[in-house]
Structures are given as C-alpha cells and as structure tokens.
Amino acid sequence: MGHKDNADGVPTFWGTSGSRLQKLITAVATTDFLLFGYDQGVMSGIISADVFTTDFPEVKDNSTYEGFVVSIYAVGCFLGACFILSFGDHLGRRKSIFLGASIMIVGVIIQIAAVPTGSGGGSTAQFIIGRCITGIGNGINTSTVPTYQAECSHSHNRGKLICIEGGNVAIGTLIAYWIDYGCTYGPHAFVWRFPIAFQCFFALVVIILMTQLPESPRWLLTKDRNEEATTVIAALNNERRDDPAIKTQVAVIVDAIRASGHEGGVTSMSDLFTNGPTQNFRRLLLGASSQMMQQLSGCNAVIYYFPILFQTSIGTTHNLALLLGGVNMVVYSIFATTSWFAVERVGRRKLYLIGTVGQCLSMVLTFGALIPGTESAAKGAAVGLFTYIAFFGATWLPLPWLYPAEINPLKTRAKANATSTVSNWLWNFFIVMITPVLLSGTGQSGWGTYLFFAILNAIFFPIIYFFYPETAGRTLEEIDVIFIKGYAENISYVKAAQELPRLNEAEVVEKARKYGISLSDEEATVSMHEKTEGVLATPTSD
C-alpha cells in the first residue's frame, strides 16, 4: 500500500487522511455503483434498436433470445458473487476490487470487438460471452465494495453512506439511458458500441483510485498484519500510529476477532446455518430475502425493458420510448436521493412497507389501464410505470444493500452479505429472462405481466410486517441484543425490536449478560472505550 507520513507523522494515502481519505473511499464506492447502475440501464436502449437487431439478427422478434442476451449479464454477476463467497476472505477487499474492475474491462473489449457478419452466429455468441464476463466483474465488486466501505467507515454515517451507494445505481442508470438516446443519432457502429465501451470509464476510475487507497484494516487484522492495519486505522482517524486511541482501537478489534472465532479471517459456510441466541440463519434469510423481493417486485423488468414496455404495451415509437425512458430515469434518480435523508428518520421497516404499497398500486394502475387496449387508456399505464420507479427509487433500491450489512452478526457478516448478493443476481436473471416472454404472452399489451408483479408486491407486505425488525438508530450490537431477546423470551423479533429501548454501550453489555451471552462486536466495544476511557476522539477534519 502506497502510504506516506506527513509532517505530523500521520500516515496518508493519496496525500490525505481522516475525513478526506474517507471521502476518497466513498468516491470509489459511488463510482463502482454508478458503473453497476450504468450496466443495468445500458442494454435498455440498445436491445430494441434497429441497428443492434441488424447486427445481431437472432435478437429480432425473438423474445426468448432477447431475454437471454440481457439476462446473461446477471448470470455473470451471480458467478462473480459466488467467487467472492468462496475466495473473498482470502483475496482481501482491495485485490478483489482490482480484479472485478479489470475483468469488467476485458468483458467490454470482447463485446465491442464483436464484428457482425450479417447472419449473427459467432458475433452474437462473442457478444454474449463478453457480457457474461463483464457481469462476473460486476458481481465481484458489488459483493465487495459495500463491505470495504463499511469496514473503513465510522459507525455514525455507515447507513447513509451505503444508501448513497444505492442511490448512485439510479444515477448510473440515468447516464446510460441518455447516452443510449444520444447515440441513436450517431453512425451505425456508434449506436451500440459507444454505450457499451463507456463502461470502461467508470472501471478505470475505480482502478486508478484503488492504486493508492488502503486495504480494509479489519481484514488485515484477521490476517495478523497488525502493523499495516495500525497504519490504515491511524490514517482513517488522522492520528499518529503511536497515539493511545489507535492502539486501543487495534486491540479492541483484535479481541473482537478472537471472541467471534474469526481468527484467520475465514468463516465456515456451516456458521451461516446456525441459529440459537445469535440466530445467524434467520438473519441470513432476512438479508437474502430482501434482495430476492427487490428483484421480484419488478424493478428490473422496468429498468432493463422500459423502452420495450412502452413500445409493446403503449405503442410508442422507439425514439419516443427512449426519450420517455430518459425522463423516467430522471424521476428515478431524484427519488433515489430522498432515501439518503429518510433512511434514519423514517426507518428501514417503514420505508420497506411504504415502498411495497406504492409499487403494488402502481402495477395495479398499469395493468388496469392496459386491459381496454385503447391508446388513451394506455397513457394511464405510463403514469403507473413512472410512479412505480419513484417509489422503488426512494425505498427498495438502497434498502436491500443496507439491511444485510447491518442485520448480520460480526462473524458471518462478510459471507452473509455475499450470499445476499448471490440471491440478488439469481432472481435478477430469472426476472430479466422471463419479462420479454411475459410481455408477449400475457394478454393484450402484456397486461398480465404487471398483474403478476402487483400480486408479488402484495405478498411482500405481510412478510415485511411480521418478520422484519426495525434497525434504524441501533448500533450493530444492539441489533444482536434484539435477536438474543427474541430467542430468550420466545417472542417475535419485530416485537423484540419494538420493546427494546435505546441502549448505551454499558446497557447493551448488561442486557446481553442478563441473557447469558457475551457480545464482541468491535464497533460497539470501541465506542464503549471512547465513552468510558476517553481515549478515542471523533476523527478530525483536515
């Protein structure tokens, strides 16, 4: 890692430390999620373009093949997430991010190098392979970046930072839609090659920034690389290595790693499937099911296929469909930013419930407006798609990335997060694959597609209401106590969260001892040292 000490003896990366260094780490995270969003949206304006269907004729008027070309990306993402699930703890966060971004660039090069022969065949296969490889890189990074940022951030802003990541997915999709639209006025090869190639810009920014950014200090400590970890923690806190606060923080994290059985930095897969007081398996299911429900809500049916939805269901021209898609993504991005401010004030649980109701009613409006089959009624369907993406952007877009990161305990957090990401991409593939088929085979203008998603959203409401405890405003260790309380008292975990008052660090430990459990989350323990010993101060702004 390329660090240098400044005149005060504080380690620096890219010449910065403290809050500025954390902003650089946030810049990597947001750029990577911009790329994630861009990848989600880029095929929407290309897949139905005349230029693309001329170069890749298998896609033309074949909804199954069209779905396969789009959804193969999700297969790659699934494989990338599985790779991190198996090897992420060995590689570390920094190398994983390097690897993911590099693989994405290789995949992009393979795609844009596909030379159409007029009859498709080999060129289409090359494009599909390149798209799958790009997906592998994205799966690696989306499984790694939230964990990397969380492990380099302070607890008071962790939730907001991860929500900002999620919001940038919408902004990346917005960029993709408008680049797609602008490129329709370019020469033949430019129409689809430039939007695909532009992915490299984001990947290169990630690679360049990571060359001088530190490894996760927590991962370093699990590998007994204490000296390097001390340097990183000192830089993040804008302090010298020999500062008492830094020594205390390192010692506390090491103790927490030992107490959690996470020495060596590798968690067994079997640990994910245990319950008891810590309820590891239940918490894994809560995180993974949130990713599943995000996909089954119909979000990517709208994001990937918005222009096709407008052309097929409402009967617009391709150009107007692209233009309306760009406007829809502006709405998406604006509402996505509201979650940055609402996630702590409103709470995760309420946002989930509000989003589910809004999405369900939007899908009801869309399918109801399509049943008559008239142009005037179809305009109501357009309104439904716009309100759907607004509700989704403000609620279900960021929450499934935040909830698994905080609901899972220290020992299983990294693997459980990767498992949740695997769930996301499996269901992403399923929805993106079946949407074109549903549109062509479920009633006039495909109204049955929207009825299908309305029913699914209605099913999600009771699941969220009865099984998802509120985590807003809780430390990670308080969340542990919620599950310990629910298990010990044999009550609903939602009720346990409602009954448990806000606890300070001493009260958390006291409550855990009451139930005969010793907690070891390093974040809460560091916070306790901060209050009781006065050795840890809030990092200074430089």
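**View 1. Thr278 and the residues it touches.** Thr278 touches Arg283 and Phe483, when residues up to four places away in sequence are not counted; contact means heavy atoms within 4.5 Å. The model is predicted, so local features need pLDDT of at least 70 and side-chain atom pairs count only at pLDDT 80 or more, while totals for chains, interfaces and linings use all residues. Residues are numbered from 1 along each chain as its sequence is written, and side-chain values use heavy atoms, with hydrogens and water left out. Thr278 lies in the loop between helix 11 (244-259) and helix 12 (280-296). Helices (H or I, at least four residues) and strands (E, at least two) are DSSP runs, numbered from the N terminus. With a relative accessible area of 34%, Thr278 is partly exposed. Buried means under 20% relative accessible area, exposed over 50%, and partly exposed in between, with a 1.4 Å probe and protein chains only. The C-alpha atoms of Thr278 and Ile72 are separated by 37 Å, and the two residues are 206 residues apart along the chain.

**View 2. Thr147 in helix 5.** Helix 5 covers residues 122-151 and includes Thr147. Thr147 counts as buried, at 10% relative accessibility. Leaving aside neighbours within four places in sequence, Thr147 is in contact with Arg93 and Asn417.

**View 3. The crossing of helix 3 and helix 4.** Two packed helices are described by the angle between their axes and the distance between the axes. The axes of helix 3 (residues 63-91) and helix 4 (residues 93-112) come within 7 Å and cross at roughly 130°. Axes are lines fitted to C-alpha atoms, for helices over the stretch in contact, and angles run from 0 to 180 degrees between N-to-C directions. Helix 3 and helix 4 are therefore oblique to each other; angles under 35 degrees count as roughly parallel, over 145 as roughly antiparallel, 65 to 115 as roughly perpendicular and the rest as oblique. Helix 3 contributes Phe83, Ile84, Gly88, Asp89 and Leu91 to the contact, and helix 4 contributes Arg93, Lys95, Ser96 and Leu99. These contact residues divide into 4 nonpolar, 2 polar and 3 charged. Here Ala, Val, Leu, Ile, Met, Phe, Trp, Tyr, Cys and Pro count as nonpolar, Asp, Glu, Lys and Arg as charged, and the others, Gly among them, as polar.

**View 4. Aromatic rings.** The structure holds 36 aromatic pairs. In one of them, the ring centres of Tyr65 and Phe68 are 6.5 Å apart and the planes are at 70°, so the pair is edge-to-face. Rings of Phe, Tyr and Trp (its six-membered ring) pair if their centres lie within 6.5 Å; planes under 30 degrees apart count as stacked, over 60 as edge-to-face and the rest as tilted. Both Tyr65 and Phe68 lie in helix 3, 3 residues apart, about one turn of the helix. Tyr65 is partly exposed at a relative accessible area of 26%, and Phe68 is partly exposed at 30%. Elsewhere, one aromatic cluster is formed by Tyr38, Phe190, Phe194, Phe198, Phe201 and Phe202.

**View 5. Two loop residues with positive phi.** Trp14 is not a glycine, yet has a positive phi of about 55°. Trp14 is found in the loop between strand 2 (11-13) and helix 1 (18-42), and counts as partly exposed at 39% relative accessibility. Asn490, also a residue other than glycine, has a positive phi near 55°. The loop between helix 20 (476-489) and helix 21 (493-499) holds Asn490, which counts as exposed at 71% relative accessibility.
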